[in-house]
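Here is a short tour for anyone who likes to look at a model with the viewer open. We will take it piece by piece, starting with a pair of helices.

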Amino acid sequence: MIGARIPRNEDPRLLRGLGCFVDDVNPAGVLHAACLRSPHAHARLGSIEASRARALPGVQLVVTAADLGELNEPGPLLIPHPTLTHPRTQRPLALDEVRYVGETVAFVVADDRYVAEDAVDLIVVDYEPLPVVTDAERALSAGAPLVHGNVPANRAARFPQRVGDPDHAFRQAAHVLRERLVIERSCGSPIEGRGVVAEHDPRTGVLRVWTSTQAPLPIKNGLARMFGLPEFQVEVIAPDVGGGFGTKIMLFYPEEILVPWATMRLGRPVKWTEDRREHLIAANQERGQIHDVEAAVDGDGRILALRDHFIHDTGAYTPYGIVVPIITATQLPGPYRLRNYEVEFEVAYTNKVAVSPYRGAGRPHGAFVMERVIGLIAHQLGLEPAEVRRRNFIQPDEFPWDVGLTFQDGGPTRYDSGNYPAGLEMALEHAGFATFRARQAEARNQGRYLGVGMGCYVEGTGIGPYEGAHVRVEPSGRVFVATGLTTQGQGHGTTFAQIVAETLACEASAVTVVTGDTRKFNWGAGTYASRALVTSGNAIHAAAQQVRAKALRLASELLEVSPADLELVDGRVRVKGAPGKELTLGALATVANPIRYAYGKEAADAALRLVKPRAGAVLAEGEAPGLEAFGYYAPPHSTFASGCHVAIVEVDPVTGNVTLLRYVVQHDCGTMVNPTVVEGQIQGGVAQGIGGALYEKIVYDEAGQPLTSTYMDFLMPTAMEIPEIEIVHLETPSPLNPLGIKGVGEAGAIPGPAVLAEAIEDALRPLGVRIREMPLSPNRIRELIEQAQ
Amino acid sequence: MSPTPALVSVRLRVNGREYTAEVPPRLLLSDFLRYRLGLTGTHVGCEHGVCGARTIQLDGAPVRSCLMLAVQADRAALTTVEGLAPGPDRLHPVQEAFRLEHGLQCGFCTPGILMTVTAFLHEHPSPSEAEIRRELAGHLCRCTGYQNIVRAVRRASLLLAADPGRATAGAGRDPVSSP
């Protein structure tokens with residue numbers, strides 16, 4: 001079952017329109033909420049006049065900061081760090097000051113959304129506009145407006161790190177190369193926006209919240225604390241989630257507090273569903289860094305040392321700490337032997353929505369910088385970029401390889417396995433690189449500009465702390481699996497089922513997987529950092545192994561044979577070489593629960609046939625009823641996946657348009673549970689990488705007004721822009737976990753900007769164009785061509 | 001502003017079943033389908049007609065239900081994703097093709113795409129890849145990179161060609177007779 005390309009368990013339901021997304025949850029009598037959001041990027045808040053809104057028929061509640069009292073605390077700092085000296089988090093509703101366009105100022109609950117929106121329009125807020133800063137570099141410079149009055153120079157953090165002796169290496173260098181590189185702001189933008197529905201039952205005291213999150217358990221425990229409720233009376237459900245890409249790992253978004261609060265206050269269910277404008281201005285975003293990098297290189301193109309200083313734009317708050325720039329700093333070296341490395345970043349506040357991880361989470365930035373350095377070296381020494389990579393790769397016999405820096409999870413950045421040289425050759429061969437230069441020269445003779453680009457990366461995946469799972473066989477023979485993290489399209493209903501099916505020798509279609517429901521499983525963290533299959537997958541594997549052992553033990557007692565003579569085949573335990581002498585998992589599940597009553601004929605038969613006269617208690621001491629088990633998995637540290645992408649493009653120098661002729665992906669995520677699902681993850685990631693390189697850019701004007709607040713302005717690629725993505729797999733199993741797997745969720749998105757920068761530069765080399773920024777619109781490519789001439 | 005606009009009576013057929021309702025004139029058709037009729041399979045992605053998630057069929061043609069008011073659908077016959085499959089145990093060939101080709105991940109944009117594709121294949125039974133991609137350009141999918149959706153459409157065209165009797169989905173295609 002592991003490694004099988006089976007269709008997904010979850011598809012028939014989703015294809016029939018029977019998915020259950022948060023906005024599909026409609027408790028009886030549900031009310032609808034809308035948010036009043038700041039139209040200013042920075043302003044002092046004066047009076048809020050809401051009497052007309054409150055008087056509007058159908059309005060149930062208008063909430064401002066003053067109404068929330070102590071609950072209106074700044075949100076939790078999720079991931080503190082010693083160098084994050086000036087953390088600032090957002091309150092559910094702005095108090096005294098707003099710091100970005102879209103910040104929540106008031107919250108209205110009404111009989112329907114239309115009336116709630118009418119009421120929002122009736123609220124009059126007295127704003128006193130304050131000076132705005134949107135550029136991260138300017139934010140750090142003297143005299144810049146302050147986003148937070150008590151954060152000097154808008155500097156949230158400064159984090160210098162060093163490996164080896166870069167100064168010495170720079171003194172030895174044959175070449176020192178420098179570059180300034182910029183990557184713009186972007187966002188995840190799942191097609192389902194965020195949403196929250198809550199209901200509170202005063203009879204049971206249970207607060208139940210449906211939210212489109214990637215981390216329902218932390219939300220459950222946080223809400224319990226905020227509202228002074230026992231954890232067992234708070235239930236949080238992330239049902240079907242329509243894409244996450246990191247945007248939904250942020251917690252708490254203001255609405256995740258406001259909706260439950262309003263529910264308890266009003267004694268009625270409340271729903272808030274984000275609209276697209278709200279998403280594009282007020283859901284967290286990412287990318288956005290400025291790098292000044294210098295490389296010390298020997299005469300053969302080997303990198304002796306790297307120094308990088310970068311500015312990370314965190315927007316108005318740091319709810320997710322400095323995880324994104326830490327990942328950039330630690331993952332920037334990629335697959336290369338870098339023994340001397342100095343990296344320092346500064347985190348700047350600006351009057352824009354906050355930054356937290358978006359698919360790739362700091363890695364696309366790092367890969368862009370590192371791969372641009374490879375391009376610089378190639379240019380300087382007149383080498384093929386592929387050859388520079390070959391000369392600098394960590395070799396297959398050098399694992400485990402320690403980058404020497406502390407990773408985002410507090411563990412080492414220690415690569416566990418991989419084969420980077422083989423990966424590059426696989427990708428180049430598949431892309432037909434050997435004949436490309438001739439083809440390129442021929443095209444140039446015809447006035448066409450073809451280019452090839454590649455990008456390699458290493459991705460730390462499967463971070464801790466841990467995940468857990470419950471696996472239970474029911475008397476019907478169906479297997480039920482629950483785990484604490486969530487699914488937003490990754491196909492966990494199938495891949496997790498395959499892991500169970502492998503161990504219990506049943507069909508994957510006989511396994512039902514539930515994720516993201518704290519009622520079903522109470523322990524774990526969430527879906528982020530390409531960790532779901534590594535952490536929950538191995539926890540499920542551990543639980544399934546215990547279930548298997550118990551099934552064999554029970555069968556051995558009932559059939560009176562040694563466990564060594566038993567085998568599990570087709571959902572049943574049978575005696576080797578004795579046809580017909582067997583018990584189904586369902587029958588064993590029935591027997592494993594020694595209740596007084598048998599339901600149905602099969603159970604009654606099983607009870608009569610199998611239960612023997614006994615002397616003592618039905619459960620021995622320490623024994624649990626049921627054919628079930630709990631399992632947990634806590635990784636020792638991240639497992640590092642890797643890959644190499646190669647693109648062949650044609651650039652039209654007249655229009656600046658880039659056409660992707662080929663896009664080849666070599667990928668290594670260790671053992672694949674379902675290659676079809678893996679390929680789907682990669683294809684979707686690559687589309688986001690291409691989007692981030694050529695189309696998607698969040699734009700703010702100098703007053704801090706977001707100019708990309710619709711899908712007419714924020715251009716996500718369509719089927720017309722994304723080419724066929726050709727994938728070749730390399731499997732180097734991880735030695736860190738029993739299944740040998742590494743994460744794959746984010747991988748596809750990482751090298752896109754790096755690959756396309758190299759490809760476009762290669763295509764336009766006769767025109768002398770250098771690529772130092774991402775993304776690149778056709779207009780910008782035209783400008784770069786003009787500037788080069 | 002009038003907080004309680006006068007209600008308007010609408011009568012329409014959805015997936016073969018007839019409904020009459022009193023609705024505010026400003027009620028979006030998509031909200032009517034989702035909240036009044038409980039047909040939550042039609043999803044809302046952007047409310048401004050770009051993402052295509054809210055696509056349904058109106059008298060057999062794909063339309064954006066977020067750009068229409070419920071009152072505009074008076075006397076129309078609609079098909080939503082819930083009306084595609086011929087029965088609880090069988091999928092429509094287009095749905096089947098999406099499953100076989102892993103043409104969906106989170107499944108949020110999928111219903112809208114299915115409604116476009118079923119109408120498209122009705123008009124273009126054996127489309128080229130370029131035609132398929134052009135047709136899909138009216139939909140945004142953030143999960144798949146489109147490749148498997150393109151494959152699913154091609155496969156659906158083959159499944160339909162092999163079994164043309166299954167092409168017509170739901171019972172909602174025939175217009176409601178005038179009252």
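## Two helices side by side

Helices α11(A) and α20(A) cross in a right-handed sense. Keep in mind that this is a predicted model. To find the pair, look for α11 at residues 363–381 of chain A and α20 at residues 752–763 of chain A; their axes come within 7 Å and cross at roughly 30 degrees. Angles under 35 degrees count as roughly parallel, so α11(A) is roughly parallel to α20(A).

Which residues make the contact? On the α11(A) side they are A:Pro364, A:Ala367, A:Phe368, A:Glu371, A:Arg372 and A:Gly375. From α20(A) come A:Gly752, A:Pro753, A:Ala754, A:Ala757, A:Glu758 and A:Glu761. Sorted by class, the contact between α11(A) and α20(A) has 6 nonpolar, 4 charged and 2 polar residues.

## A strand with two partners

Next, turn to strand β19 of chain A, residues 467–473, which is mostly covered, with 6 of its 7 residues buried. One partner is strand β25 of chain A (residues 627–633), paired with β19(A) in the antiparallel sense over 7 bridges. Within this pairing, A:Arg472 has A:Glu628 of β25(A) as its bridge partner.

Another partner is strand β20 of chain A (residues 479–483), which pairs with β19(A) over 5 bridges, also in the antiparallel sense. Here A:His470 stands opposite A:Ala482 of β20(A). The two strands β19(A) and β20(A) form a hairpin, with 5 residues between them. In the turn, A:Gly477 has a positive phi of about 95 degrees.

## A phenylalanine in a loop

A:Phe252 is found in the chain A loop that runs between β11 (234–237) and α8 (254–266). Is A:Phe252 buried or exposed? A residue is buried if 20 or more other C-beta atoms lie within 10 Å of its own; A:Phe252 has 22 and is therefore buried.

Leaving aside residues up to four places away in sequence, A:Phe252 touches A:Gly75, A:Ile219, A:Gly222 and A:Ile257. For a sense of scale, A:Phe252 and A:Asn351 are 99 residues apart in sequence, while their C-alpha atoms are 20 Å apart in space.

## Where the chains meet

Finally, the contact between the chains takes 49 residues from chain A and 49 residues from chain B. On the chain B side, the elements that give two or more residues are α2 (93–100), α3 (110–123), α4 (129–136) and α5 (147–162). The residues of chain B that touch chain A divide into 26 nonpolar, 16 polar and 7 charged.

Methods
Residues are numbered from 1 along each chain as its sequence is written. Chains are lettered from A and ligands numbered from 1 in the order in which they are written. This is a predicted model: local features need pLDDT of at least 70, side-chain atom pairs count only at pLDDT 80 or more; totals for chains, interfaces and linings use all residues. Helices (H or I, at least four residues) and strands (E, at least two) are DSSP runs, numbered from the N terminus. A residue is buried if 20 or more other C-beta atoms lie within 10 Å of its own, exposed if 12 or fewer, and partly exposed in between; C-beta atoms are placed from the backbone. Two residues are in contact if their C-beta atoms, placed from the backbone, lie within 7 Å. Ala, Val, Leu, Ile, Met, Phe, Trp, Tyr, Cys and Pro count as nonpolar, Asp, Glu, Lys and Arg as charged, and the others, Gly among them, as polar. Axes are lines fitted to C-alpha atoms, for helices over the stretch in contact, and angles run from 0 to 180 degrees between N-to-C directions. Angles under 35 degrees count as roughly parallel, over 145 as roughly antiparallel, 65 to 115 as roughly perpendicular and the rest as oblique. A crossing is left-handed if the near helix is turned anticlockwise from the far one by less than a right angle, and right-handed if clockwise. Two strands pair if DSSP finds at least two bridges between them.
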